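Subject: Structure handover

Hello,

Here is the structure I said I would pass on. My notes on what was found follow below.

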Amino acid sequence: MPTLVREGAHWACGESCVAGVDEVGRGAWAGPIVAAVVVLPPDPAIAGDLRGVRDSKAVPPHERTRLAALIRDRALATTVGTTPAALVDRAGVLPATAHAMNEALASLELAPDHVLVDGLHVRGLVCPHTPIVRGDACCLSIAAASIVAKVTRDRWMAELDAIYPGYGFAGHKGYGTPAHRAALCRLGPCPVHRLSYAPVAAIVAQSWV
């Protein structure tokens, strides 16, 4: 389970505002990249309050929704940032990821002393940060951010399903499932598809030339 070891090291140095950051949707064929920022109070007791928070991929959907509400209630601050599909196509996935994270950080009510980010170093991130590989599995604030980001993006993908029916966005959330591939072959791309992604581009080239 994720712990507060990383956050605690910064708290001990007087950095009381430590933000965890994670993104979801980077590999999806459609929809936005969504990044979330979570700042937990500098109190070891918060780990008990957030028991059950872990990598969002390991949490069932109904439990993610409950935990996201709990995180928002217990955290000092939570925000999200997005990068729409069109900007992912123009900028590329890594700059688009940094854009979503920077947007989330810019809207944060608190100025973080340090940022803990899931994965590798994020070029262009506006705050001092430490990348943590598999951070959503070992760092509580990052795990909390992964849940907030996932719940937010899943809700938006359900809304896009109503706007662009037939693709099944509410089910596969824009990822490259067989059902999504079949719908894309049948209907062609819609405005929230990422046309720069090779699988999408190949389907479009084969079916909609």
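The largest nonpolar core has 34 residues, and V115 and F169 make the most contacts inside it. A nonpolar core here is a set of buried Ala, Val, Leu, Ile, Met, Phe, Trp, Tyr and Cys residues joined through side-chain atoms within 4.5 Å. Buried means under 20% relative accessible area, exposed over 50%, and partly exposed in between, with a 1.4 Å probe and protein chains only. At least two residues of this core come from each of β1, β2, α5 (93–106), β4 (114–118), α7, α9 (178–187) and α10 (198–207). The largest share, six residues, is supplied by α5. Helices (H or I, at least four residues) and strands (E, at least two) are DSSP runs, numbered from the N terminus.

This is a predicted model: local features need pLDDT of at least 70, side-chain atom pairs count only at pLDDT 80 or more, and totals for chains, interfaces and linings use all residues. Residues are numbered from 1 along each chain as its sequence is written, and side-chain values use heavy atoms, with hydrogens and water left out.

Leaving aside neighbours within four places in sequence, V115 is in contact (heavy atoms within 4.5 Å) with A19, V21, L105, L125, C127, P128, H129 and T130. Another core, of 29 residues, lies apart from the largest one and includes A36, A143, A144 and V148.

On helix α5, the buried residues are A96, T97, A98, A100, M101, N102, A104 and L105. Their cover includes β1, β2, β3, α4 (85–91) and β4. The 14 residues of α5 should span 20 Å at 1.5 Å a residue, and the end C-alpha atoms are 20 Å apart, which agrees. The expected span is 1.5 Å times one less than the number of residues in the helix.

Strand β2 (residues 33–39) is largely enclosed by the rest of the structure, because seven of its seven residues are buried. In a regular strand the side chains alternate between the two faces of the sheet. In β2, I33, A35, V37 and V39 point one way and V34, A36 and V38 the other, and all are buried. Strands pair if DSSP finds at least two bridges between them. Strand β1 (residues 18–24) is joined to β2 by six bridges and runs antiparallel to it, with V24 opposite V34. On β3 (residues 77–83) there are seven bridges to β2, again antiparallel, and T79 is the bridge partner of V37.

Helix α3 (residues 61–74) has R64, L67, A68, L70 and I71 buried. What covers them includes β2, α2 (46–49), β3 and α7 (140–163). R64 has a relative accessible area of 9%. Its side chain makes a polar contact of 3.4 Å with that of D154. A polar contact is a pair of N or O atoms within 3.5 Å; within protein, one must be able to donate a hydrogen and the other to accept it, and residues adjacent in sequence count only if both atoms are side-chain atoms. Beyond four places in sequence, R64 is in contact with S56, V59, I147, K150, V151 and D154.

Last, the cysteines. With a disulfide taken as a pair of cysteine sulfur atoms within 2.5 Å, the count is zero. The sulfur of C17 is 9.3 Å from the closest cysteine sulfur, in C127, too far for a bond. For C139 the closest is in C138, at 6.1 Å, also too far. C17 is buried at 9% relative accessible area, and C139 is buried at 0%.

Regards
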